[in-house]
Amino acid sequence: MRHIMPLFQTPPRSLCILRLSAIGDCCHALALINAIRREWPDTRITWIVGKLEATLFAGLPGVEIIPFDKGQGWRGYRQLWQQLAGRRFDALLHLQAALRASIATLGIRADVKLGFDRERANDGQWLFTNHPVPSPASPHVLDGFLAFAGELGVRDLTPDWHLPIDPQDRAWARETLQGRPTLLICAAASKAFKNWTAEGYAAVADHAAERGFQVFLCGGPAQLERDLARDIQAHCHTQPGNLVGQTRLPQLLALIGEASLVLAPDTGPAHMATITGTPVLGLYAHHNPARTGPYHCPEGVVSVYQACVEAETGKPLAELGWRTRVKDPLAMQRIEPARVIEAFDRLCAHHGIAVSAKPNEVPEIT
């Protein structure tokens with residue numbers, strides 16, 4: 001077992017966290033930051049995060065949030081570096097193995113720059129850091145992040161996703177859901193190949209309605225998400241409410257927190273549900289759910305990843321690297337609605353979610 005002296009024997013004065021995106025990975029970064037704050041409450045923490053993601057974490061107490069707008073190109077880098085001019089951190093935690101994130105580190109002054117070891121680093125990240133963090137035994141992204149805290153000297157690595165929810169957003173969510181058993185379907189991922197079928201989502205929505213749930217479709221304003229929501233509604237016998245494109249991220253977090261269950265593919269809302277403790281029914285085909293699945297809800301995972309990756313590579317899963325991705329763009333279609341419905345019923349029983357036997361119409365959304 002590897003054993004070395006931690007970087008800090010006493011609490012550092014200041015730390016910089018660099019994780020720009022995506023929403024799910026930033027939810028993992030939240031757990032890391034909370035672990036550091038729990039151990040060292042007086043350490044000043046600065047988090048450089050994407051402009052969109054910053055809207056979700058702006059209310060995190062005791063943490064300076066610096067939004068980075070990648071859409072501005074080089075102007076965004078210059079603005080970031082100007083904002084940090086004259087500042088120096090005891091350590092930088094570079095949590096994103098992507099070149100655009102590594103470029104941002106060029107203007108961040110820190111005594112130590114921690115990055116992933118060669119097993120996890122991509123895009124030459126090791127060229128921008130001077131202290132590799134050994135990969136943990138677990139392949140999960142969150143455990144890889146928490147290893148950074150352990151390297152610093154944080155002893156208690158228990159994940160903590162506490163994030164205050166604005167009272168107005170919580171009140172809106174409660175008014176919307178009316179305290180009724182609710183299934184939220186966050187159907188669309190950022191990449192279309194990660195999405196399940198409209199017919200599959202509709203089958204689960206109808207089953208949930210028959211079990212007494214109200215069902216809402218949620219998501220961002222992108223045309224892909226709006227089109228998928230309309231396709232789902234077209235295949236439903238009991239019409240779900242459609243909130244796609246109508247919520248800010250903090251509102252969506254509040255809505256997830258008030259819901260009974262969340263159904264989602266490999267995308268951010270599945271990890272936002274981890275923040276609120278809401279059970280997740282997660283659908284996986286392209287990435288190993290042991291790496292990217294809902295951290296505290298493995299019983300809700302429906303995955304065809306192992307079957308797909310073994311068929312595609314001709315090798316057993318145990319012989320494949322933890323990063324191996326299924327390339328078949330139709331892999332998600334191999335998830336059968338019956339399996340998802342079975343997992344839905346199992347989650348209801350596991351979490352003691354009481355429902356009625358009669359269909360429960362969803363209130364009209366205006």
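Residues are numbered from 1 along each chain as its sequence is written. In this predicted model, local features need pLDDT of at least 70, side-chain atom pairs count only at pLDDT 80 or more, and totals for chains, interfaces and linings use all residues.

Start with the sheet. It is open, has six strands in the order S3-S2-S1-S4-S5-S6, and pairs in parallel. Strands here are DSSP runs of E, at least two residues, and helices are runs of H or I, at least four, numbered from the N terminus. Two strands pair if DSSP finds at least two bridges between them. S3 (63–68) and S6 (131–133) form the edges. Twist averages 20° from one strand to the next.

Now the helices. H1 (residues 23–39) packs on the sheet and touches S1, S2, S3 and S4; contact means heavy atoms within 4.5 Å. The direction of H1 makes about 175° with that of S2. Angles run from 0 to 180 degrees between N-to-C directions, with axes fitted to C-alpha atoms, for helices over the stretch in contact.

On a 1 Å grid over the protein atoms alone, a cavity is a set of points where a 1.4 Å probe fits but cannot get out; lining residues have an atom within 4 Å of a point. Volume is the space filled by probe spheres set on the points, which are joined across faces, edges and corners. The largest cavity holds about 50 Å³. H8 gives the largest share of its lining, four residues.

Note on methods: Heavy atoms only, no water. 1 Å grid on protein atoms, 1.4 Å probe; cavity = no way out; pocket = protein on both sides within 12 Å on 5 of 7 lines; lining within 4 Å.
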